[in-house]
Amino acid sequence: MCGGLLGAARRLVDADTGEVVPYVPYAFSGRHTQVDKARVEAITVSTAFTPSQKFLVLWWIGVSPEGLEPLRATGADIAKRVGMSADAVGKINRKLAKHRILIVRGRIGNYNFYRISPYISFHGTGAEQREAVKTCNPPDIPGFDDNTPARWEAQ
């Protein structure tokens, strides 16, 4: 069990051992995001998605920019980053968008710019996420039980 702070130097001391615990002002390295674990679990266990599709969902969670901004990268750019063909990435992105797991947030020519749905993952404040989910419909995840105890965005 970790103890309290000792002295003005802000040293954390383990209450049981008396050892100094390294102080870390913020435990995450770099940017982080809020993730709906129930929806991500539903995607990862669903037989409606291939392993490659599930992998890209997790990739999109990690790379989607703050707020509702899209990732400004082409399918070819993404393909290089994830080790897939551009055709495979395009097919997967379209399927994930069909299920509203990815949302379209921009377009150049015939290419859509995507980001992960704010129902699944969001980088921003809770208030910003509440506003973001108002702009899109919830994802259609086969096997996700909409009757799970109500979340703040439901009803």
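Leaving aside its neighbours within four places in sequence, with which residues is Ile116 in contact?

Tutor: In this predicted model, the contacts of Ile116 beyond four places in sequence are Val57, Trp60, Ile61, Ser64, Ile101, Leu102, Ile103 and Ser121. Ile116 belongs to the largest nonpolar core, a set of 26 residues. Ile116 is among the residues with the most contacts inside this core, together with Leu56, Trp59, Trp60, Ile78, Leu96 and Ile101. At least two residues of the core come from each of helix H1 (37–45), H2, H3, H4 and E6. The greatest contribution is that of H2, which gives six residues. Apart from this core lies another, of seven residues, including Ile103, Phe122, Ala132 and Cys136.

In H3 (residues 75–82), the buried positions are Gly75, Ile78, Ala79 and Val82. Seen down the helix axis, these buried residues fall within an arc of 105 degrees, so they line one face of H3. An α-helix has 3.6 residues a turn, so residues three or four places apart point the same way. Lys80 and Arg81 are exposed, on the face of H3 turned away from its buried side. Just after H3 comes Gly83, with a positive phi of about 75 degrees.

Methods:
Residues are numbered from 1 along each chain as its sequence is written. This is a predicted model: local features need pLDDT of at least 70, side-chain atom pairs count only at pLDDT 80 or more; totals for chains, interfaces and linings use all residues. Side-chain values use heavy atoms; hydrogens and water are left out. Buried means under 20% relative accessible area, exposed over 50%, partly exposed in between (1.4 Å probe, protein chains only). Helices (H or I, at least four residues) and strands (E, at least two) are DSSP runs, numbered from the N terminus. The arc is that of the directions from the helix axis to the C-beta atoms. A nonpolar core is a set of buried Ala, Val, Leu, Ile, Met, Phe, Trp, Tyr and Cys residues joined through side-chain atoms within 4.5 Å. Contact means heavy atoms within 4.5 Å.
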